[in-house]
Every structure is written in structure tokens, then in C-alpha cells.
Amino acid sequence: MGPHSLDSVCVFCGSSDAADPQFLAAAAALGRALAQADLKLVYGGGGVGLMGATARAAHDAGGRVLGIIPDFLVGKERALETVEHIVVASMHERKIMMFERSDSFVVLPGGIGTLEEIVELLSWRRLDLHAKPVVFYNPRGFWDPLFALFQHTVDEKLTPPEFMQAWLAVDAIEEVIPALLGEGASDDAEDERRVAGLS
């Protein structure tokens, strides 16, 4: 990935308050870093879990935040009304609006909902429907099983090998924004991060 001019970053992440406190702290650190870099946070609109931690930290640090949430989740995910937010009718509408309002993506630890979002995003990338940067925050190898599954589909000749270059993975939260911007890493370092856990 070369250097990019970015204005907005969509963050996909978990909405569980039971998540590892280290994950919640990293989400808050990312929110603050986005604000400091003057990058607008686009996220799923909730006030819970990593989602809420990222948005509150970005907002408290003076950052621009846009939450997009379907109406049936407003109560369940406790929509964060202190930030700009849009209520939509469906999950599909939420995802397409998040995609359209963002020019890059960060994936923090999450559950089945996060998996669904990122697999669709990477499928669109595979189909050349976008070339927006995608960076996984991969603490303790959290996403390694997913990367291994992707590699398995490549090994079985069901996915082209170049698909494995569709994202970067970083181990430290402070590496996320430089990775999005294509800064501060050699090609070898990028390759190492991208295929973390697959050696």
C-alpha cells in the first residue's frame, strides 16, 4: 500500500462490554489518535463495548465522529447521542452508508457481527469494487485464525494469492494510523504484518 490522503476512517469492532479491558483501552487509544490526526471516525453508532470506547474517546478529544445505527439497535446498543448519528432502517443500509462515508477501514477485535462486516468488505475488495486501505489491529494474534482461513482458501485454489495483500495487520494500536497512511514501514515489514501467524 502506498501513501494515502485520508479524511475518514470506519472502525469495525465488538459491541460487548465484557471484552478484555486491554481491548477496550486500545479502542479508546485509537479514538484519541484519530482525533489528534484530524481523521473523522465513522462507526456503528452504539455506546457499548469497543464501539462506544472508540467513539467516546474520539469525541472527548475533540474529534469528528459519525455514528450510523439501525433503528432496532438504538436501545440494545445504546446509541451514543452525544455525537453526530444517523438512524437507518436496516443493517444493510448501515453497512453501505458506513462504506460510502469512509475512505479507509480499521478492524478491532470483535465477534460475529464484525466478522460479517469485514468479510463483505474484503469480498468487495476481491471483486475490485474498492481499493480503500484496510488495517486489522491484531493483539495477541486475535485475527490469526481468520487469516489462516483466508490462506486455506488460497491453498485450495478457491481464492487468488493476491487476495492476501488486501489488508495489513499490526500488533500495536499506535501502528494503525501509520499503516492506513502507508507510512513508516518497509515492504518487508508490511509483508510480515500482513501474514502474521501464517509462517
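Reader: Which helices each supply at least two residues of the lining of the largest cavity?

Author: Happy to start there, with a note that this is a predicted model, where local features need pLDDT of at least 70, side-chain atom pairs count only at pLDDT 80 or more, and totals for chains, interfaces and linings use all residues. Residues are numbered from 1 along each chain as its sequence is written, and side-chain values use heavy atoms, with hydrogens and water left out. On a 1 Å grid over the protein atoms alone, a cavity is a set of points where a 1.4 Å probe fits but cannot get out, and lining residues have an atom within 4 Å of a point. With helices taken as DSSP runs (H or I, at least four residues; strands are E, at least two) numbered from the N terminus, the elements that each supply at least two lining residues are α3 and α4.

Reader: What volume does the largest cavity have?

Author: The structure holds 1 cavity of 30 Å³ or more. Grid points are joined across faces, edges and corners, and a volume is the space filled by probe spheres set on the points. For the largest cavity this comes to about 70 Å³.

Reader: How many residues of the lining of the largest cavity are charged?

Author: The lining is made up of Phe12, Lys95, Met98, Phe99, Phe105, Glu117, Glu120, Leu121 and Trp124. Ala, Val, Leu, Ile, Met, Phe, Trp, Tyr, Cys and Pro count as nonpolar, Asp, Glu, Lys and Arg as charged, and the others, Gly among them, as polar. By that division 6 are nonpolar, none is polar, and the number of charged residues is 3.

Reader: Phenylalanine 99 and tryptophan 124 make an aromatic pair; is it stacked or edge-to-face?

Author: A search of the whole structure finds 12 aromatic pairs, where rings of Phe, Tyr and Trp (its six-membered ring) pair if their centres lie within 6.5 Å, with planes under 30 degrees apart counted as stacked, over 60 as edge-to-face and the rest as tilted. Phenylalanine 99 sits in helix α3 and tryptophan 124 in helix α4, 25 residues apart, so this pair links distant parts of the chain. Their ring centres are 5.1 Å apart and the planes are at 80°, so the pair is edge-to-face.

Reader: How are the rings of phenylalanine 147 and tryptophan 167 arranged, stacked or edge-to-face?

Author: Here the ring centres are 5.4 Å apart and the planes are at 20°. Phenylalanine 147 belongs to helix α5 and tryptophan 167 to the loop between α5 and β7, so the pair ties together parts 20 residues apart in sequence. Phenylalanine 147 and tryptophan 167 also belong to one aromatic cluster, whose members include Phe23 and Phe136. With that angle between the planes, the pair is stacked.

Reader: Which residue has its charged end over the ring of phenylalanine 99?

Author: A charge sits over a ring if NZ of Lys or CZ of Arg is within 6 Å of the ring centre and within 35 degrees of the ring normal. The charged end here is 3.8 Å from the centre of the phenylalanine 99 ring, and it belongs to lysine 132.

Reader: Which element gives the largest share of the lining of the largest pocket?

Author: A pocket is an open set of points with protein on both sides within 12 Å along at least five of seven lines. The largest pocket has a volume of about 360 Å³, and among its 25 lining residues Cys13, Gly14, Ser15, Gly113 and Thr114 lie nearest its centre. The elements β1 (8-12), α2 (49-60), α3 (91-100) and α4 (112-126) each supply at least two lining residues. The largest share, 5 residues, comes from α4.

Reader: How many disulfides does the structure hold?

Author: A disulfide is a pair of cysteine sulfur atoms within 2.5 Å. The sulfur of cysteine 13 is 9.0 Å from the closest cysteine sulfur, in cysteine 10, which is too far for a bond. The number of disulfides is 0.
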